[in-house]
Amino acid sequence: MHMIRITYRDLDRIGELLDAAVKAGVNQINRVEYATEKFEEYELQAMELAMKNARQKAERLAATEGQTIKGVVQISQHGTNYGIYAAAAASVAFDAVPKSTTTVNPGEIEISAAVTVVYEF
């Protein structure tokens, strides 16, 4: 058994690539995954949004008690979640070359960040 990993950027034509692979003799395709080359950029955006969200909540809580935020005491990041959601079978075995073009449903990449911020009131 031989395994290869392919990076393919023309997502509109991924089905054609899979068809060509099967026609060339590939008899098993494991997982179609979506990824991004801009992970770090998106991770920073997620962290910024998490910080803005934390600030808005803290300001609302402080205002409820007639207080204002004086500053940040501590910030902790709890890692970034990077979920790859691909609408494709985990393992597909081919007994014969398919007669029609393979379709791969669009996927979604979700990048989220969690922070804990301690504010001084």
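## Ground rules

What you have here is a predicted model, where local features need pLDDT of at least 70, side-chain atom pairs count only at pLDDT 80 or more, and totals for chains, interfaces and linings use all residues. Residues are numbered from 1 along each chain as its sequence is written, and side-chain values use heavy atoms, with hydrogens and water left out.

## The chain as a whole

The chain has two helices and four strands, and reading from the N terminus the order is α-β-α-β-β-β. Both kinds of element are DSSP runs, numbered from the N terminus: H or I over at least four residues for helices, E over at least two for strands.

Of the 121 residues, 19% are buried (buried means under 20% relative accessible area, exposed over 50%, partly exposed in between, with a 1.4 Å probe and protein chains only). The accessible surface is about 9,600 Å², and carbon and sulfur atoms supply 50% of that; these areas come from the Shrake-Rupley method with a 1.4 Å probe, and for residues only the protein chains shown count as cover.

As for contacts (heavy atoms within 4.5 Å), take those with a separation of 6 or more: 87% of them join residues 24 or more positions apart.

## Salt bridges

The count comes to four salt bridges, each being a side-chain nitrogen of Lys or Arg within 4 Å of a carboxyl oxygen of Asp or Glu. D10, R13 and E16 are linked in a network. R13 pairs with D10 at 4.0 Å, N to O, and with E16 at 2.9 Å, N to O. Relative accessibility is 32% for D10, which is partly exposed. R13 is partly exposed too, at 40%, and E16 comes in as partly exposed at 41%.

E59 is partly exposed at 39%, and R55 is partly exposed at 32%.

## E43, a buried glutamate

Helix α2, which covers residues 39–64, also holds E43. E43 is buried yet has no salt bridge, and the nearest side chain of opposite charge, K38, is 15 Å away. For charge, Lys and Arg count as positive and Asp and Glu as negative, while His and the chain ends are not counted.

So what does E43 touch, leaving aside residues up to four places away in sequence? Its contacts are Q77, T80 and I111.
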